[in-house]
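Hello,

The structure we spoke about is below, and my notes on it follow. Please read them with the model open.

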Amino acid sequence: MEYRKNEMVTLKIEDCGVDGEGIGKADGFTIFVKDAVIGDVVTAKIMKARKNYGYGRLMEVLTPSPDRVEPACAFARQCGGCQLQALSYEKQLAFKEKKVRGHLEHIGGFTDLPMEPIIGMEQPWHYRNKAQFPVGRNREGRIVTGFYAGRTHSIIENRDCVLGMPVNREVLDRVISHMEKYGIEPYDEMTGKGLVRHILIRYGYYTGEVMVCLVVNGNQIPEEKQLIASLREIPGMTSIMLNINRKRTNVILGEHICRLWGPPYITDRIGNLRYQISPLSFYQVNSFQTQKLYEKALEYADLTGEETVWDLYCGIGTISLFLAQKAKFVRGVEIIPAAIENARDNAKLNGISNVEFFVGKAEEVLPEEYEKNGVYADVIVVDPPRKGCDQQLLETMVLMKPQRIVYVSCDSATLARDLRYLCDRGYELTRICPVDQFAQTVHVECVTLLQKNVD
Ligand code: SAH
């Protein structure tokens with residue numbers, strides 16, 4: 001049977017798609033229903049229909065699933081940032097394990113997966129150490145800050161995101177009241193006029209340090225002294241910055257940073273190491289779970305102190321320095337120059353000297369170093385962005401024949417593709433451990449170990 005647009009259908013949700021959407025069947029017709037969870041019986045309105053499948057909008061939950069929970073945030077559905085808030089945390093973890101398994105089996109063609117249980121969070125709320133809030137006016141003309149309503153650019157007021165740090169509220173209240181008091185305009189994307197675009201907040205999870213960075217369409221902020229005085233009353237306030245972004249773009253941050261008060265970075269700790277973080281640098285958003293992730297990577301690297309290690313896509317050198325404590329020498333490669341500056345400073349800050357950092361694309365630096373200088377590796381660690389590793393890089397890794405490759409990934413689909421490539425060329429997948437860095441969302445991080453087959 002076929003369904004048509006706008007038709008209402010009642011169905012039981014039997015499965016969950018990779019983006020967290022509920023999946024059910026009605027008369028052999030597969031229907032994807034966002035916001036429905038496995039076990040729900042729902043009515044949905046068909047929004048889009050194809051021959052054998054369609055997309056429905058959740059209209060009513062007739063019988064709630066035993067795994068359904070009340071979302072902690074009133075805006076969970078509108079925002080779209082948390083796709084899994086209506087699912088119990090335990091089942092979120094099960095979903096993520098299954099997602100990783102599914103990708104490795106179906107895309108990677110692996111069987112008998114050496115999976116370890118997913119490392120879940122103890123407290124799956126208020127874990128994000130970085131948040132970026134857009135600023136604008138609502139229909140009534142009031143200055144608002146919060147989040148963009150799913151895939152649009154209209155701002156819904158919410159200063160209490162349940163993934164963010166509690167301190168965010170205080171920062172937002174003070175910035176917005178400063179704008180109201182001195183008549184400072186929020187930026188308007190339609191006209192390109194107005195000043196304040198975004199409020200970026202970073203928090204040092206283990207140090208309690210707070211950075212506020214206002215993204216502005218200008219060079220300064222009116223009544224700067226009053227703003228600084230007000231923000232400094234917040235406990236932990238360490239660094240107040242401006243980021244200049246005068247472009248008509250929806251890229252949030254511009255290239256220039258201007259210091260208003262305090263150093264241009266905050267410091268956080270992971271394990272026994274300290275890291276300075278600038279407004280523009282990449283830093284893992286969940287400090288608590290990052291430590292677990294890195295400990296797993298270190299365990300897989302199995303270092304004795306004699307090894308030469310490459311850490312590709314190294315960001316501010318977090319993994320590199322973690323490994324350097326147990327290795328003979330570590331070389332890190334990263335494309336963003338500012339992150340490499342942070343990495344070098346962080347090495348000094350921690351008194352670590354057996355590291356060297358390169359700015360450039362991993363897929364260019366490693367082949368070049370290998371061909372020209374014949375560099376060697378006992379262990380290679382990679383932690384690429386979602387698109388995974390470039391083939392050129394994988395080819396060089398195979399030529400270098402490291403004993404172990406530790407692949408840290410934030411996208412299990414590209415992970416599966418890259419692992420297949422390596423396992424067809426002399427490596428065996430021996431350990432996999434998913435780590436939940438992003439509770440309430442569909443995202444999942446993974447650490448995997450590949451060992452060189454005996455030639
Ligand atoms: N390992 C780090 C960063 C991981 S995020 C950590 O745990 O914090 C991935 C990093 O890869 C980002 O810093 C990004 O800037 C960098 N990157 C993206 N493409 C790259 C490329 N082609 N070569 C090298 N680095 C790249």
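Helices (H or I, at least four residues) and strands (E, at least two) are DSSP runs, numbered from the N terminus. The model is predicted, so local features need pLDDT of at least 70 and side-chain atom pairs count only at pLDDT 80 or more, while totals for chains, interfaces and linings use all residues. Residues are numbered from 1 along each chain as its sequence is written, and side-chain values use heavy atoms, with hydrogens and water left out.

Serine 281

Serine 281 sits in the loop that joins β14 (273-277) to α5 (287-301). Its relative accessibility is 3%, so serine 281 counts as buried (under 20% relative accessible area; exposed is over 50%, partly exposed in between; 1.4 Å probe, protein chains only). Beyond its neighbours within four places in sequence, serine 281 is in contact with Arg202, Ile316, Ala338, Ala339 and Asn342, where contact means heavy atoms within 4.5 Å. Alanine 338 is 57 residues away from serine 281 in sequence, yet the C-alpha atoms are 6.7 Å apart.

Helix α5

The 15 residues of α5 reach 21 Å from first C-alpha to last, close to the 21 Å expected at 1.5 Å a residue; the expected span is 1.5 Å times one less than the number of residues. Buried residues in α5 include Leu293, Tyr294, Leu298 and Tyr300. The buried residues of this helix pack against β13 (266-270), α6 (318-324), β18 (379-382), β19 (404-409), β20 (427-435) and β21 (445-452).

The ligand

The ligand is surrounded by 17 residues, the closest being Gln284, Tyr294, Glu334, Ala362 and Asp383; a residue counts if one of its heavy atoms lies within 4 Å. The shell divides into nine nonpolar, four polar and four charged residues. Polar contacts are pairs of N or O atoms within 3.5 Å. In the side chain of glutamate 334, an N or O atom is 2.7 Å from a ligand oxygen. A polar backbone atom of alanine 362 lies 2.9 Å from a ligand nitrogen, and for a backbone N or O atom of isoleucine 335 the distance to a ligand nitrogen is 3.3 Å. Of the 570 Å² of accessible area that the ligand has on its own, the protein covers 91% (Shrake-Rupley method, 1.4 Å probe). The elements giving two or more residues to the shell are α6 and α8 (362-373).

Regards

Note on methods: A polar contact is a pair of N or O atoms within 3.5 Å; within protein, one must be able to donate a hydrogen and the other to accept it, and residues adjacent in sequence count only if both atoms are side-chain atoms. Ala, Val, Leu, Ile, Met, Phe, Trp, Tyr, Cys and Pro count as nonpolar, Asp, Glu, Lys and Arg as charged, and the others, Gly among them, as polar.
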